[in-house]
Amino acid sequence: EVTDSFVIGTTSSDTDFPNGKVRLVLTARYTNNTEEEITVSEIGIGYFNSNYTNNTTYYNRILLDRKSVADGNFTPVTVGAGESKIFVYAIEL
């Protein structure tokens, strides 16, 4: 579930080259602006853009990579009411 009250703050990105591979590392701080805790059970990297043609807006959303509790490759993270957490996501290209 995605909520508008779980908002992104500062972000940064970096690349490094472990074992001769290219790795993209994204860091983002999210804040829970609700009065209840939120449990994050998946995280991913996506691409989003829009374009306007002939009085119509077209949206492109592509999920590039995802980690989830259901797939066994993500540990759930609980973010308390009003609390912020920093998430770091790395993907080898």
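Two strands count as paired here if DSSP finds at least two bridges between them. With that in hand, let me go through this structure, which is a predicted model.

I'll take the hairpin to begin with. Strand S4 covers residues 42-53, strand S5 covers residues 56-68, and the two pair in the antiparallel sense over twelve bridges. Two residues lie between S4 and S5 in this hairpin.

Next, the open sheet. Three strands make it up, in the order S1-S2-S7, with antiparallel pairing. S1 and strand S7, residues 84-92, are at the edges; each has a single partner strand, so one side of each has no neighbour in the sheet. On average, neighbouring strands of this sheet are turned by 20° against each other, direction ignored.

Last, the surface. Which residues make the nonpolar surface patch of about 330 Å²? They are Phe17, Val22 and Leu93. Phe17 sits in the loop between strand S1, residues 6-16, and strand S2, residues 23-32. Is Phe17 buried or exposed? The cut-off for exposed is over 50% relative accessible area. Phe17 has 59% relative accessibility, so Phe17 counts as exposed.

That's what I have; questions are welcome.

Definitions and conventions:
Residues numbered from 1 in each chain as written. Predicted model: local features only at pLDDT ≥ 70, side-chain atom pairs only at ≥ 80, totals over all residues. Heavy atoms only, no water. Helix = DSSP H or I, 4+ residues; strand = E, 2+ residues; numbered from the N terminus. Patch = residues over 30% accessible without salt bridge, like charges linked within 9 Å, V, L, I, M, F, W, Y side chains within 5 Å. Areas by Shrake-Rupley, 256 points an atom, 1.4 Å probe, with all protein chains shown as cover. Salt bridge = Lys/Arg side-chain N within 4 Å of Asp/Glu carboxyl O. Buried < 20%, exposed > 50% of the residue type's maximum accessible area, 1.4 Å probe, protein only. Axes fitted to C-alpha atoms, helices over the stretch in contact; angles between N-to-C directions.
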